[in-house]
Amino acid sequence: MQVTILGSGTCIPQWRRSAPAVVVRVQEELMLVDCGAGTLRRLSEAGIDYRGPHLLFLTHFHLDHIADLAAWLFALHNTRELPPGWGLEVLGPKGTTALVNRLRAAHQPWLQELSFQLAVHELGNETRHFAGWQLSTMAVRHGSVALGLRVQVQGRAVAISGDTDYCPAVVELCRDADLAILECSTPDEQKVDGHLTPTLAGRIAQEAGCKKLVLTHLYPPCDQTDILSPCRKQFAGEIVVAEDMMTFVV
């Protein structure tokens, strides 16, 4: 598996951090996780063709996680050289179908009759089996609907929290993961309900027995203080503060 952080930031514009997006290459499949503003540009910077991912996983519907979705659909619709039968599957929590339909209605007629196949699947606490790999999802603690995910292939596992506060589900998703990508929105002193801090992210990684922890979804105060030290007090494994375009091989 190969995992690239396309956006390590949030809804706040930052020159070094694009809005949340991660691309996971598993077997021959590319899955984009979230699609915040700037994702399409970051894909290009990463050398990944925008026609490459056939799966998009939306963790939840806040704008910093979905803002490039309509633009991506529009780009695909206007790509003449898409092969016959080319398709995109959008996966997400309950409400994903309504979200996609509203976006298409808001941008009609341009997104009403698409030139490619689009399928939407709403997920809950479940495991889906693809060719040689598995995707597990669980509801996490962030607003009314939000999912975290875990990708497993050949005994290796990557967990991605999406936005969440501490909860048993995110610990379970991260259980014995080779790589856990956890949101870390604010320093401990500025804790916001529904989000993690360095101490909580470290606690989750330690309780779950993760091998490596990546801190992402970083609001500007995280770049103005030491977020590694409080995290290290909780987690004995390797910790990395994410930067856009970082790639991890699992």
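With 250 residues, the protein would have a radius of gyration near 18 Å as a compact globule, and its value of 17 Å agrees with that (taken over C-alpha atoms; the globule rule is 2.2 Å times the number of residues to the power 0.38). The model is a predicted one, with pLDDT of at least 70 needed for local features and 80 or more for side-chain atom pairs, while totals for chains, interfaces and linings use all residues. Numbering runs from 1 along each chain as its sequence is written, and side-chain values use heavy atoms, with hydrogens and water left out.

Along the principal axes, the C-alpha atoms fill a box of roughly 55 × 40 × 35 Å. Seven helices and 14 strands make up the count of elements (DSSP runs numbered from the N terminus: helices H or I, at least four residues; strands E, at least two). Buried residues, meaning those under 20% relative accessible area with a 1.4 Å probe and protein chains only, account for 53% of the 250.

Now for the inside. Beyond its neighbours within four places in sequence, Cys-174 is in contact (heavy atoms within 4.5 Å) with Arg-150, Ala-159, Ala-180, Leu-182, Ile-204, Ala-208 and Cys-210.

Definitions and conventions. Buried means under 20% relative accessible area, exposed over 50%, partly exposed in between (1.4 Å probe, protein chains only).
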